[in-house]
Each structure stands twice: as structure tokens, then as C-alpha cells.
Amino acid sequence: MLKRLPSPKDPAFRHRMLQVLVDAGLVALAFFLAFVLRFDSGIPPRYRDLLEQTIVVVVVGKVAIFTAFGLYQKWWRYVGLRDFETILKAVVVASLVLVGVLYIWSPTESDLPRSVAAMDLLLTAALVGGVRLAIRSVIERPPRGAMLPRGQEVLIVGAGEAGQLVAREMQRSPELRQAPIGFIDDDPRKRGMRIHGLKVLDTTRQLPRILDDITPDEVIIAIPTAAGIVRGGIVKACRDRDIPVRTLPGVFELISGSVNLMRQVREVQVEDVLGREPVQLEVEDVGAYLHDRTALVTGAGGSIGGELCRQIARVHPRLLVMVDHAEDNLFEIERELIQERHFTGCESILADCREQERMNEVMRRFRPDVVFHAAAYKHVTLTEDNPLEAVRNNAIGTKVCATAAADAGVAKFVLVSTDKAVNPKTMLGASKAMAEWIVQAYGSRYSETVFCCVRFGNVLGSSGSVVPLFRRQIEQGGPVTVTDPKMARYFMTIPEAVQLIIRAGNLGRGGDVFVLEMGEPVNILELAINMIKLSGQDPEHDIRIEIVGPRPGEKLREELFNEGESPTPTDADRIMRAERPPLDPEWVEGVFDQVERLVADGDEAFLTQRISELVKQPGRVPVA
């Protein structure tokens, strides 16, 4: 099929022709000036003849070379540094071709002087590049009267590319009703400099003083990759002075959202002020062992299981088997992978991880190389009110899946656990502790399958996290319910959790428990106050915080290691191994035999009592 040629009536075609004509005039001018500057007392007749007879060839030839270099495929108002590099290359090539052509063929007896050729190169580069720079400067110059009243003054944190884009957008678009008044940047070389007419005032450490001096009406954080500690300090300084603060989105958000940069500025997220930098792992590297292999994820429709599926799909496994008993959740993750991420190497399986025969069937059918067991109940109150189902799903379900994996010859089995399994006080924690026991026991019982588990704190955005609850309560106008002013929890993001899980799948040696270094625990009351402020509300007047008291068995502070466990480093950055004396596999088997009988009998009271005894000193309590 032939490509349609541009029509002369096409505005783009007319615009390009105008650019060509301007460059043709500039090339002719540069060639003429090169002769004039070379001969101060006037161009000799023989060189005047050379100029007159070659100027058309020079202009046509150089413009043709400029076209080949793509100089007319972009509007001059949008030229950048790389475009100027291309212009310089095109001018050099055109000048060299010119010298070569006139050396081989000259219409007169006189050759082109080398000094004329050199001056022609410099003049052409200066004129062709200069006119583009001048046009961009004129267009980007803020119009007179564009500076708005003080009510619209904005301070930009970050004087890099992102901050400059924000400033230029404001200066070029008075309809935004915002005017930048300066930059804050931690680069000492930029201090005192003027960028787009705006002064770099100081570093982020001096932000409180600067805010007191100039009192802007809004602060925009234009450092998408800034650490959480830096963001937290900026947000605190602004909130202490009732100054609204927003942050520029990352590259992915810009690509997936609107093109208008200023409309993409978002409110600071809770993840930005957690007080530590997130763990960053390249899933293509840490998950390379999954490439061209079969991976199976249970609980694939949940928040952790779904993200596991997304990350595993990025390393292109031979097959990704997604298992869940919730039809709607499984359908959604399958649709996302196939339709949005264009990953077709997946298989969706409706199955309950508590059914041994069904899980045996799934494992034997697909023969996965790696199993990620993420299926679990996560809500403290629900599992406390339904202890039989909590144990049946979290503990017995893990044993069912682990047994099926071992019988099918799976190479690696990774359990997704929680810090609530450490010194557990709730049925959720106890059931997950039992799940860890079975993984540790199977780690020594089965030699062909590497069993390990991954333990981490609250996951921001997951179904069991307090953050979505707070968000809903704030949206409804409150109150925000906090159990105790001293309550604190470890937090991490869903990508962090999933990266740890995938990384652990390649670290495990058998029965290992891996823990992420998550920094200091976050006070829940402070988290609630920050979330209310980030929503633009006042925790004292707009949204009320209600202290409701701890739930039964709920600890004020979670722990990462049990008594008798010692943290030891691994080859992976910020991932620790919990070293502990091995559990007796026979004791674990006895515990599960007894628990399964109690679950089958429906003896809720005795089950709760017995599990409370078992989790106090695992391996030391006699099993009937």
C-alpha cells in the first residue's frame, strides 16, 4: 500500500516548507558572509564568479542534507539539546560534502578557499541553530502581566528537568492562575542561580525558614524520585504552616495519564511519608530464575497474589498458573494480564486450596517449577470471630498446598506470611504461625522441594491494611477509628512485598524464613493524622479521630522475630533470614493431626484454647 504524500494544503506541509525556505535563506547568507569576511577589501572578481555560480548548488545540497537528518520533522518551538546536536552533525556533514563536491567539480578555475569553507561551517551552524533557539525563547517568554497576585504564588521544590517543566508550564499558561516564585534544590551548585528567571533560594533543609520568609500559597514537589524521608520533611514543614503541598507524579503516571503536566500534579501519597526509602529490586534480575519456567500462584485474585502475577508476567515464564476460589477476582486479573498487559501465557484455575484432591490434580496437571502460596484470610476481626475458618484456610490450606507441591516434585514452594505470626496473640497470627511451621517442617522432610516463607508487615493498599480503611473513613467525613494512641505497625508497599517474595524464591535453602528490613514502625495515630491532613482536612476540626481501644489479642507493636530467632543477613540487600533451631517434623505433624480433628468436629472453643497453648512454645508443648 502506497503511503499518501502530504498535500500542499496540509498545514504541516506548509509549515515544513516555510522552515525549508528560512534555512535556504540562512545557508545562502552564511555562504555569502563567509566570502565577505574572508576578503576585507572586497571579493575579487574570480571568487565573485565562484560565489555566484555555486551558491544555488550549496543551498540545494545543504537543505537536502538537512532534510535527510530530519531537521524539518519538528516544530522549532520544541527543539531541545539533542536537536542541536543533530543540527551540528548535519551542518558538519553538509560542509564536508560541499568541500568535496567543489574540489571534484568547480565551475570556475578558482578553488574554494579553505578559510571560506571553515567560516561557512561556523556561520551556518550559528544561523541555523540560532534562529531555532531564538524562536523557542520568544515563544516561552512569559507574557507581560502574567505574574498573578500573591494568592497564586507557588514555590517549586526541585530545579531539575521536572521542576523546570512545571515552571515553564506556569509561565506559558496564565490560565492556570499560578505563578512560580522560586526553586528549592539540594544541589549546592544551583544555589543562587536563576533558572527561567526564577532564583534557586536554598536547600530543603532551609525550607522552614524560607516558608516563613516568603509565605507561598502552595508548594509543589517536583522530584518524582525523592526519598520518603525528604518528602516527609517537606510535607511537615508545609503542613505546620497550613501551606498546601502537592507532588509531581513519576514517569509511569505521566505516560499513563493526561499529557497536561500541571493537571497531573497529585496529592502527596501516604507512601511518601513513611520515613524510609522503599526497597527497589529489578524484577527482571531477581526473577530471572522464573524465565521460561512454570509458576503457580494461589490467591491470585487478591492484592498480593495479583501483584505477584503482574510481576512474574514481566519475566516471561513459560506458563503462569493463577489459582483462586473467588471467580470475580480471578477473572479480573486474567483480563488485566491478557487485555492490558498483553501477556497470554497464563492459565486461570478455579480451585480451593483447602481441598487436597483438587490441589493434587492441579499440581499434577501443570507440574509447576515454583509455587507462591499467597491465599490467606487477612482480616484480624473476621478471623477472630471465625477461628475454624481461619485455621482451615490459613494453616490447613497451607499444608494441603505444600503436600501437593511436594508430591508433584515442585522445585520451590514460597509461603507468604506476616509479622503477626511472631509471638501471635490473635487467631490470624496463630494460623499463619502454624503455616510457617508446616513450611519449616517440610523443608527438612522433603529434599527435592525447597520450602521457605516470607514474613513482612502491613502492606499499603492490600485488603487487610489499615490504610484503605482510613481512606474510606475520611471520604465519609469520619470519624477515623484508631485502637490506641501507642499503636504502631511496620509498613511496606505492595511492590516491595512482591519483590521480596520473588527474591526469596531464589534465596531459600529449605525451611527458611525471610524478613524485610522495614525501618522503624509507624505510629498509627500519627498515620491517621497525616492522612487527614493530606486529604486537605483538619484533624481537629474537620475529621474527628476516635480512640476505640485495642481489639482482643491485638498487640501495640508487632515484632519481626520470635524469641529464639536471630536475624542474619542474606546475599540480598535489606532481606534478613530468621535463624532458629529447627522444629521437629513429627511434632508439627502431630499438631496438625490434632488441629484437623478439632476443625472437623467444629469444636471452636477447644480449638482456640489449644492453639493458644501451642503457639506459646512451639515444639515444646506435648501433643495428644
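Predicted model: local features only at pLDDT ≥ 70, side-chain atom pairs only at ≥ 80, totals over all residues.

A: Arg365 and Glu347 are joined by a salt bridge in which the closest N and O atoms lie 3.8 Å apart. Arg365 counts as exposed because its relative accessible area is 54%, and exposed means over 50%. Glu347, at 29% relative accessibility, is therefore classed as partly exposed.

Other salt bridges can be described in the same terms. The side chains of Glu340 and Arg335 meet at 3.0 Å, taken from N to O, and Arg335 is partly exposed because its relative accessible area is 25%. For Asp185 and Lys190, the salt bridge has an N to O distance of 3.9 Å, and Asp185 counts as buried because its relative accessibility is 12%, where buried means under 20%. Salt bridges also connect Arg191, Asp202, Arg209 and Asp213 into a network, and a search of the whole structure finds 33 salt bridges.

Charged residues also form a surface patch: Asp385, Asp601, Asp603 and Glu604 gather there as a patch of negative charge. Of these, Asp385 is found in helix H13, which covers residues 380–385, and Asp385 counts as exposed because its relative accessibility is 57%.

Definitions and conventions: Residues numbered from 1 in each chain as written. Heavy atoms only, no water. Patch = residues over 30% accessible without salt bridge, like charges linked within 9 Å, V, L, I, M, F, W, Y side chains within 5 Å. Areas by Shrake-Rupley, 256 points an atom, 1.4 Å probe, with all protein chains shown as cover. Salt bridge = Lys/Arg side-chain N within 4 Å of Asp/Glu carboxyl O. Lys, Arg positive; Asp, Glu negative; His and termini not counted. Charge placed at Lys NZ, Arg CZ, Asp CG, Glu CD. Helix = DSSP H or I, 4+ residues; strand = E, 2+ residues; numbered from the N terminus. Buried < 20%, exposed > 50% of the residue type's maximum accessible area, 1.4 Å probe, protein only.
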